[in-house]
Amino acid sequence: MITYIFLFQSHITTKTAHTSSQVSDHEQKQKDSPRSLTMSGHVGFESLPDQLVNRSIQQGFCFNILCVGETGIGKSTLIDTLFNTNFEDHESSHFYPHVRLKAQTYELQESNVRLKLTIVNTVGFGDQINKEESYQPIVDYIDAQFEAYLQEELKIKRSLFNYHDSRVHVCLYFISPTGHSLKTLDLLTMKSLDSKVNIIPVIAKADAISKTELQKFKIKLMSELVSNGVQIYQFPTDDETIAKINASMNGHLPFAVVGSMDEVKVGNKMVKARQYPWGVVQVENENHCDFVKLREMLICTNMEDLRDQTHTRHYELYRRRKLEEMGFMDVGPENQPLSLQETYEAKRHEFYGERQRKEEEMKQLFVQRVKEKEAILKEAEREASAKFEHLKRVHQEEKLRLEEKRRLLEEEIMAFSKKKATSEIYQNQTFMTPGSNLRKDKDRKKEPGYRLELLCFDVRACETIGGRKDAEEAPILCKTKVPDHRRSSQAKAIKMISNAQPLEGGSRRAGESSQAGSLASRARPVLQR
Amino acid sequence: MDPLRHSPSPSSSRASSPRTLSCERLGYVGIEAVLDQLKIKAMKMGFEFNIMVVGQSGLGKSTMVNTLFKSKIWKSTMPGLRVPMPQTLQLHSVTHVIEENGVKLKLTVTDTPGFGDQINNDKCWDPILGYINEQYERYLQEEILITRQRHIPDTRVHCCIYFVPPTGHCLRPLDLEFLQRLCRAVNVVPVIARADSLTIEEREAFRHRIQDDLKTHSIEVYPQKSFDEDVNDKILNSKIRERIPFAVVGADREHMVNGRCVLGRKMKWGIIEVENMAHCEFPLLRDLLIRSHLQDLKDITHNVHYENYRIIRLKESHALPQGPGWVNLAPAPPPAPTGTRASPGPAKMCRWAEDNSDEDF
């Protein structure tokens, strides 16, 4: 398909050369102002404006109003009065932490004109203690609507004639009727909004100011606005039909308005008014307030101009700024006209190149990190294995040592069991000698209870250490058998003790005998056990 | 009305669905005054209309244009004058500002002498398509500028009148080819030229045959069926569709008939009054073009044809060089495919491709 296109290009170059010259002639002719012709009869295109109007009726109109003002200043009431309908009932609270914007869309119809009206209210404006962030949400909202339209316009497949235009066409700024001057918040807000939207300032609750005060207030307000460079919307005076009325209205700005949906009987008519003990403020009475003027200017005379200004001035400004911010220009480096397309393509290439480079970088970084991690892990592995080896060795050594110990112990055990065996044999042998009995008894006395076996051990020990002594001291021969001689050995033990303690003093013999008696009594239960 | 689009916003704003409020009005609001405002604005700015006439020489194109706008837009070529036959297709454009009752109209008429006059008329529609696309391109370039003008000058062709020679048989291959291509790029209104050579019955038969031909080849001429918005449009447009193509006669000479001064052609056997519905259908054409559907022509050009061009252009811009005379070669497919379309459509495209490849080698 693409090759086909190029072939086509070459084929028609000869023809285009000719037509381009023709076209340039055509351009030339267009550059000279076109000649006007007089017609000899009625053609009929005077119905063109009607055709246009019919089409607009079919499509319907769209109008978006933004109301900025403190809570309770009468924004909703004024809108209700302007459009003669009760839009919303509830009052908003004063306690919102931030300023929010609430947008609601209504479809109104009057005779055959359909109007899609969007009212955007600022909720919580001026209620906070710290009002620094008050106007930012409003600016953001307006920008967001422009952005949405711009996005739709830049789409490839777009449907602009179907698009619900949500850009704010007019901003009604409500000034509270203090009678002195503009508040700082008002000034700041209007200054930040004046390049984005058409601002019409109104003095709300104008029934609180007297006529003379009102004049002074208006003059003061306008001078303040002018001296601070705030550009409010001026009604257009270039078309003769409405120039006069617009010019006079411009002098009445800002409009002092009163809103009310309540009806009061005045004379023999029911009019919209506010009833006070001292009188009735009629909303549609030009002497009482400027409501009628506002309605005239806003809706009847200049609605179309407001929309036009929004589209051709504010929106274009936003668009230009936004596109320049994104880097698009109309004129390239050598003053060659750049197309949006080329710039876009260039940017896209740049972006892709950048992205690829970043991807490469990240890949390399990733690889590097992986390598590092691998090295660390290897190191750790090596250390771990070294440790393991070490531990293994230690364990081996430990094991050997324990083996050694065990062997020793086993040897000891064996030796000991041998000794035990021999001692038993020896014991049986020594049972023939009384001394040994006594010795046994003595030991029995010494350690009562189940240490009878031990006594045998001790016998040997006593023998070795002090046993001979005992043997020498009490050379009593024992002739009885083993079981019997136990009992008898008791008696002999008693005798033994009494004999054994000669060194301690002969005087104590009496006591000793009692001691011996106690001992014997003590020994007895041992034996019985 | 279309469903409401929820407008986005950084703070939590809700766009609730539109409530249609009841029509009990307590008083006057004044919304309908916006219509007057529109009118005032439109009259101040003036209107633009670009029309193109295509047809073989001698079919009365220049005369027709003069008759339509009741002024000497073109100097009509009289037979007998030695005007050299143009060798290639040329495009002449002329711009006039005409005013009627305060309404200013900037009219641009583009003529195409040399169309279909050669022996080999192959691809004689290319310069025309190139011209149309060039106007779209110009508008597009203006539209995507950063700092753009308040009112972009509109040179796009809003309507193309195609003159069918009164053979009385059916559409010729040249006609078919041309109509097929152009219908997708611009609003085409075919007319039977020089209808004074056909009797009423012949005229009707010719008209029916042409309508059948158009249907067979799924050529959608203006008013296009697929762009009818609502019932009223459908009714109105179907009446017009029954009478397309109009059998017209053009004349810029005045004659006296029954004491009235009328535009007409004086023949030996009578005077053909141009504005008489019994004689020819010129009033219908004039009403369609100027009195009732002019705005519609402009709207369809802007909303449909221009958007199609823009879509194709923006999609393919990095593959193609931008230049004048670039022909729209990837036309948008017709919106309502009918059963009969399947066979001739692709065959035609293939044949076209083949032709080109032949010529290349």
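Mentor: We will take chain B, its cysteines, a helix pair, and then a residue in chain A.

Mentor: Ground rules: this is a predicted model, where local features need pLDDT of at least 70, side-chain atom pairs count only at pLDDT 80 or more, and totals for chains, interfaces and linings use all residues. Residues are numbered from 1 along each chain as its sequence is written, chains are lettered from A and ligands numbered from 1 in the order in which they are written, and side-chain values use heavy atoms, with hydrogens and water left out.

Trainee: How many helices and strands in chain B?
Mentor: Chain B has 9 helices and 10 strands. These are DSSP runs numbered from the N terminus: H or I of at least four residues for helices, E of at least two for strands.

Trainee: And how much of chain B is buried?
Mentor: Of its 361 residues, 54% count as buried. Buried means under 20% relative accessible area, with a 1.4 Å probe and protein chains only.

Trainee: How many disulfides over all chains?
Mentor: The count is 0. A disulfide here is a pair of cysteine sulfur atoms within 2.5 Å.

Trainee: Which cysteine sulfur is closest to that of B:Cys160?
Mentor: That of B:Cys159, at 6.9 Å, which is too far for a bond. B:Cys160 is also buried, at 0% relative accessible area. B:Cys124 is buried as well, at 4%.

Trainee: Switching to helices. At what angle do α3 and α4 of chain B pack?
Mentor: About 15°, with the axes 11 Å apart. Helix α3 covers residues 126-143 and α4 covers 173-183. Axes are lines fitted to C-alpha atoms over the stretch in contact, and angles run from 0 to 180 degrees between N-to-C directions.

Trainee: Parallel or antiparallel, roughly?
Mentor: α3(B) and α4(B) are roughly parallel; the cut-off is an angle under 35 degrees.

Trainee: Which residues meet there?
Mentor: From α3(B), B:Ile128, B:Leu129 and B:Ile132; from α4(B), B:Phe178, B:Arg181 and B:Leu182. Contact means heavy atoms within 4.5 Å. The contact residues divide into 5 nonpolar, no polar and 1 charged. Ala, Val, Leu, Ile, Met, Phe, Trp, Tyr, Cys and Pro count as nonpolar, Asp, Glu, Lys and Arg as charged, and the others, Gly among them, as polar.

Trainee: Now chain A. Where is A:Asp143?
Mentor: In helix α5, residues 136-154. A:Asp143 is buried, at 19% relative accessible area.

Trainee: What is A:Asp143 in contact with, beyond four places in sequence?
Mentor: A:Lys196 and A:Tyr318. A:Lys196 is 53 residues away in sequence but 8.0 Å away in space, C-alpha to C-alpha.

Technical notes
Buried means under 20% relative accessible area, exposed over 50%, partly exposed in between (1.4 Å probe, protein chains only). Angles under 35 degrees count as roughly parallel, over 145 as roughly antiparallel, 65 to 115 as roughly perpendicular and the rest as oblique.
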